[in-house]
Structure formats: structure tokens, C-alpha cells
Amino acid sequence: MTSKKISFIGTGKMATALISSIYNKQLAKTIIASDKNNKNLNNVKKNFGIKTIKDNKEAVRNSDVVFICVKPQDFDEVLHEIKNVVKNQLIVSIAAGIKTKHIESILGNKRIIRVMPNINCLVGEMAAGFSKGKFATKKDVDYVEKLLSASGLAYLVKEDLMDALSIISGCGPGFFAYFMKYLAEAGIKEGLPKQMAYKLAAKTALGTGKLLLEKNMSPDDLIAMVASKKGITSEGLKVLNKHKVNKIIQKTSDAAYKRSKELGK
Ligand SMILES: NC(=O)c1ccc[n+]([C@@H]2O[C@H](COP(=O)([O-])OP(=O)(O)OC[C@H]3O[C@@H](n4cnc5c(N)ncnc54)[C@H](OP(=O)(O)O)[C@@H]3O)[C@@H](O)[C@H]2O)c1
């Protein structure tokens, strides 16, 4: 695995998280990055000392594995730009919604893997999913699984489940952070120092996830452990239930799912 030359096209938020993991764990022979955004490109150069260039085609030519990490709306432009220089490279797309079939329709019969990473990769706690294109091999799948697993969880799924997986893995950190923000703000409103409230919320979220995973518990099991009869959690949960926050979460996820589907059209 460490013998591969990996390139990144696009060095924004998600690419930086992946580069940081691959760099820190020494999972590549070399990492090269290209981007049209100088600020992002300079940041990865400064932080990881990797080779950076302004030419996507040159990045592809110099690699065995190419991560395409641009926004879905910039994706086709990149595919058209690199299509003549993609030979035997494994192409890994992290773009929300974009189907491997679409990538194959532009690049030809190339080996494509579609990944939905998450930003928690930055701290080695990623929950990712991936699926294979028609021409990707078992070796490619094993390689990507190992690479992603070095930073957390990585599930291989059928491609038609990638949009569903994206709601949890791709959007999840944002959704959880939203809840944590308002939980912390409620504490701040009642007098807690700001930094303390944010840290308490973050540590509570971290511990909640850890508890579910390590004790193999369901969310309902955990709710039952915390919400003692007539206790303070129960009072709060009554409000969540009364205002049907579960329905709001469903609607939130439906909107994200719909958007992921739209991006794939
Ligand atoms: N952020 C997440 O948590 C997350 C999670 C899962 C998946 N993803 C996926 O990851 C991809 C990147 O998201 P992001 O949040 O990292 O976006 P981002 O921070 O905006 O990074 C994208 C980078 O690509 C650059 N770029 C645009 N067109 C280019 C081109 N033709 N050639 C080279 N570079 C180009 C952008 O430059 P400019 O700034 O100049 O446009 C920017 O530096 C998206 O497809 C998204 O669906 C993101």
C-alpha cells in the first residue's frame, strides 16, 4: 500500500483531511497535490511539505492513484481536463452524488472507486463508505478499504446506497455539530463559560458515540439508561417528542438525500 504515488486534485477541506491522514500514517510513497486555489494549495504544502503543482494533468501523470476532491459542480470540468492522461491510474472520487457510471462515461473504461469520507478523518475517527465502479478490481477495493480504514470505519456498499450513506457520513458531522452548538448555547445562557460549554458538549458527543460502539448499545438503550423517570433528561425528551424533532431530523435527512440524488443526475 505504501508503494503508491497518490495525487489529489482539489486541496480543500476534505482533501486536506485525507492528505493529513495519509501523510501522518505514511500510507503513500509520494503525495502530490494540484488546485487552482493558491491559498488551499499553499496550506497543504506548508502543513505537509508535499509537492504541489497548478496542473491537474501533470498530477495525474505522476501518480498511481488520483483522488478527485473538487465540488460536484466543478467535477466534469476536471474529468474533461484529465481524460486524455488517465491511463492505468485508479481514480477515486469523493464527490457527493456523482456516480461511477457518469465518471466512466467521460473517462472511458477506467478503474473508479467512489468514496464518501467524513471530515472526522482529521482526527482519525472517520466513518466512511465506498463503492466500486464497473472496472475497478478486487485489488482496488482492498487497497481503498485499507487506506480508509487507517483513519476509522470504512464500509463497502452497493453504489445505490451511497446517497443514503452520505446523509450519515458526509453530512453527519455537520448535523451533530448543529445540535451541539445549541446544547452548548443553552448552557451558556444559564451562565456557563462559553469554552467550558462547548468542550462539555463535544466531550459528551464523543463519549456518547464511544459508548454506543464499545458497549454495542442501540440509541434507545442509551436513552433508557439516561432518562430516568421524572428526571431532567425525561423532561427534555418530552419537549423533543412533543415538537416531533424526529420528523424534523427525517426532513433534514430527506433534503440531503434529495440533493445527493440531484447531484448525480
Ligand atoms: N467537506 C466535507 O465534509 C465533505 C465530506 C464528504 C465529501 N465531500 C466532498 O468532497 C469534495 C470537496 O469538498 P470540500 O468541502 O473539500 O470543498 P472545498 O473546500 O471547496 O475544496 C475544493 C477545492 O477544489 C478546488 N477546485 C475547484 N475546481 C478545480 C479545478 N478545476 N482544478 C483543481 N482544483 C479545483 C477549489 O478551488 P476554489 O476554492 O478556487 O473553487 C477548492 O480548493 C466535494 O465533492 C464534496 O462533495 C466533502
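This is a predicted model: local features need pLDDT of at least 70, side-chain atom pairs count only at pLDDT 80 or more; totals for chains, interfaces and linings use all residues.

User: Okay, and which elements give two or more residues to the shell around the ligand?
Analyst: Those are α1 (13-24) and α4 (72-82). The biggest share comes from α4, which puts in four residues.

User: How many residues surround the ligand, and which are the closest?
Analyst: There are 23 of them, and the closest are Lys 13, Met 14, Asp 35, Asn 40 and Val 70. By type, the shell splits into twelve nonpolar, five polar and six charged residues.

User: Met 14 is on that list. What is 2.8 Å from a polar backbone atom of Met 14?
Analyst: That's an oxygen atom of the ligand. A ligand oxygen also sits 3.0 Å from a polar backbone atom of Ala 96. With Lys 71 the side chain is involved: one of its N or O atoms is 3.3 Å from an oxygen of the ligand.

User: How much of the ligand does the protein bury?
Analyst: The protein buries 83% of the 890 Å² that the ligand exposes when taken alone.

User: Switching topics: where does Gly 191 lie?
Analyst: Look in the loop between α8 (172-189) and α9 (194-214).

User: Is Gly 191 buried or exposed, and why?
Analyst: Gly 191 counts as exposed because its relative accessibility is 58%, and the cut-off for exposed is over 50%.

Key: Residues are numbered from 1 along each chain as its sequence is written. Side-chain values use heavy atoms; hydrogens and water are left out. A residue is near a molecule or strand if one of its heavy atoms lies within 4 Å of it. A polar contact is a pair of N or O atoms within 3.5 Å; within protein, one must be able to donate a hydrogen and the other to accept it, and residues adjacent in sequence count only if both atoms are side-chain atoms. Accessible areas come from the Shrake-Rupley method with a 1.4 Å probe; for residues, only the protein chains shown count as cover. Ala, Val, Leu, Ile, Met, Phe, Trp, Tyr, Cys and Pro count as nonpolar, Asp, Glu, Lys and Arg as charged, and the others, Gly among them, as polar. Buried means under 20% relative accessible area, exposed over 50%, partly exposed in between (1.4 Å probe, protein chains only).
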